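Please walk through this structure step by step.

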Amino acid sequence: MDDFYKSLDGALAELVGFLWGPPLVALLMGGGLFFLLYSRLLPYRHLFSGVRLLFTPPDRDDEGTLSHFQALSTALSGTLGMGNVAGVAVAIAVGGPGAIFWMWMSALVGIATKFYTCTLAVMYRGRDSEGALQGGPMYIIREGLGRHWRPLAYFFALAGMLGTMPIFQINQLTEVVREAIAIPAGWTAENDHFTFDLVFGVILAGLVLAVVSGKLPRVGKVTGVLVPAMIVGYLLLTAIVLATHADQVGPALALIVHDAFSGESAAGGVLGAVIITGVRRAAFSNEAGIGTEAMAHGAARTAEPVREGLVAMLGPIIDTLIVCTCTALVILISGVWRSGDDNGVSLTVAAFDSLFLDYSGVLLAVLVGVLSLSTVVTFWYYGAKCLGFLIGARYQHHYVWFYLCLVVIGSVASLNLIIRIVDSMYALMALPTMIASLRLAPRVNRAARAYFAGDRRE
């Protein structure tokens with residue numbers, strides 16, 4: 001069995017290396033830069049319009065399920081959490097501090113990518129087999145590009161269903177609870193924790209079932225409350241740490257910038273590895289160009305596509321430029337990243353413990369745990385929607401049982417194997433999302449010109 005896992009792990013590592021090669025990095029980064037220039041920096045010029053729209057109530061006659069605020073919270077719940085805590089730790093462990101710089105660059109162009117993909121998500125909403133209004137890259141392709149492009153829509157739906165499996169979030173959530181709470185409390189041991197992990201996974205599956213049984217409206221309400229509260233809590237925790245070590249923040253930022261162009265801290269000292277690691281982890285952090293965020297924003301209650309695009313572009317700012325940066329600074333200032341530990345969230349917990357109080361790991365476990373659970377319930381929505389597109393909406397409710405099994409599996413699975421599966425699927429999701437968005441970009445520009453010229457509903 002060990003030989004099988006090693007062979008599978010090696011094959012997946014080669015697949016990830018191939019998929020996340022220079023062509024995909026060029027597509028995501030180059031595509032985002034194209035959107036930014038093609039729009040004449042529109043996302044930057046109208047940044048505060050997105051903030052204002054967050055608190056604008058939807059019109060009663062508008063179709064959709066979620067308010068602007070709930071749509072952004074749902075989209076953020078799919079990215080905030082382990083992507084910003086464990087993902088940053090993995091990025092630094094694999095690519096060195098310089099990987100964070102390339103995460104920043106990816107987020108800066110990702111703002112424009114989010115504007116285009118999520119405007120299209122509302123512009124080209126379609127009806128599923130049950131007649132319900134839906135959004136997402138598969139509907140953008142079907143409704144916006146026509147029947148000849150339909151195989152690309154099915155390609156995205158299949159990759160999306162596999163890419164939004166909850167195993168990474170559950171795996172890392174189990175680890176942070178075990179390391180920060182269970183082992184110190186004597187509930188389990190360092191080297192013998194399978195039973196605890198399994199029981200915890202079953203408990204998590206029950207919590208997920210309780211939320212997803214209410215379908216999207218309940219998911220929107222839960223994420224609309226939990227995500228902002230947990231973001232504020234996490235930022236307060238990191239702010240205290242950084243304030244008490246303020247003299248080390250500048251050198252940590254300088255290290256990020258210096259290492260971004262030297263690759264000295266990356267495996268093998270290769271600059272390209274630093275860039276690819278940063279872009280890959282940024283995709284997992286903010287999902288700009290991946291397409292999952294378009295499924296959340298496509299459910300917004302609005303008749304004006306550009307409005308949702310303006311709201312969506314706030315995502316990379318919040319989750320990558322703010323939250324990921326805070327996590328990275330804590331890890332770098334602590335020095336624990338030099339230990340050689342690449343086990344995701346445990347590196348972040350060790351960083352907080354070394355810089356703050358011994359019980360900071362417990363606080364971190366609570367904050368990240370809630371964010372991770374919100375990610376898990378959001379991923380259920382994404383996966384169910386993808387399955388409904390593939391086999392019919394009337395059957396998508398069966399997905400929940402498969403999903404709950406994945407929750408339990410994730411609590412005991414191997415981290416490296418999980419990361420490689422998810423990374424592979426994210427790469428495959430990006431292809432149809434970016435291709436369709438680039439093809440339809442002129443229509444977004446026309447809609448944006450009309451919107452800002454005053455031909456819009458207030």
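**Salt bridges, patches and contacts**

Arginine 178 and aspartate 197 join their side chains in a salt bridge, at 3.1 Å from N to O. Arginine 178 belongs to helix α10 (residues 167-185) and aspartate 197 to helix α11 (residues 194-212), so the pair ties together parts that are 19 residues apart in sequence. The model is a predicted one.

Is this pair buried or exposed? Arginine 178 has 8% relative accessibility, so it counts as buried. Aspartate 197 is also buried, because its relative accessibility is 4%. Buried here means under 20% relative accessible area.

How many salt bridges does the structure hold? There are 2. Glutamate 143 and arginine 142 also meet through their side chains in a salt bridge, with 2.8 Å from N to O. Glutamate 143 is partly exposed, because its relative accessible area is 37%.

Now turn to the surface. Which residues gather in a patch of positive charge there? They are Arg40, Arg45, Arg446 and Arg449. Take arginine 449 as one of them. Helix α21 (residues 415-452) contains arginine 449. With 54% relative accessibility, arginine 449 counts as exposed. The cut-off for exposed is over 50%, so arginine 449 passes it.

The surface has a nonpolar patch as well. Leu33, Leu37, Leu41, Tyr44 and Leu108 form it. Together they have about 430 Å² of accessible area. Leucine 108 sits in helix α7 (residues 98-123). Its relative accessible area is 31%, so leucine 108 is partly exposed.

Next, look at histidine 46. Where is it placed? Histidine 46 is in the loop between α3 (42-45) and α4 (47-54). Histidine 46 is buried, because its relative accessible area is 18%. What does histidine 46 touch, not counting residues up to four places away in sequence? The residues are Leu310, Met313 and Phe452.

The last stop is serine 354. This residue lies in helix α18 (residues 345-355). Serine 354 is partly exposed, as its relative accessible area is 45%. Setting aside neighbours within four places in sequence, serine 354 is in contact with Ser334 and Val336. Valine 330 is 24 residues from serine 354 along the chain. The C-alpha atoms of serine 354 and valine 330 are separated by 9.8 Å.

Note on methods:
Residues are numbered from 1 along each chain as its sequence is written. This is a predicted model: local features need pLDDT of at least 70, side-chain atom pairs count only at pLDDT 80 or more; totals for chains, interfaces and linings use all residues. Side-chain values use heavy atoms; hydrogens and water are left out. Patches are made of residues with over 30% relative accessible area and no salt bridge: like charges are joined within 9 Å, nonpolar side chains (Val, Leu, Ile, Met, Phe, Trp, Tyr) within 5 Å. Accessible areas come from the Shrake-Rupley method with a 1.4 Å probe; for residues, only the protein chains shown count as cover. A salt bridge is a side-chain nitrogen of Lys or Arg within 4 Å of a carboxyl oxygen of Asp or Glu. Lys and Arg count as positive and Asp and Glu as negative; His and the chain ends are not counted. The place of a charge is taken as NZ of Lys, CZ of Arg, CG of Asp or CD of Glu. Helices (H or I, at least four residues) and strands (E, at least two) are DSSP runs, numbered from the N terminus. Buried means under 20% relative accessible area, exposed over 50%, partly exposed in between (1.4 Å probe, protein chains only). Contact means heavy atoms within 4.5 Å.
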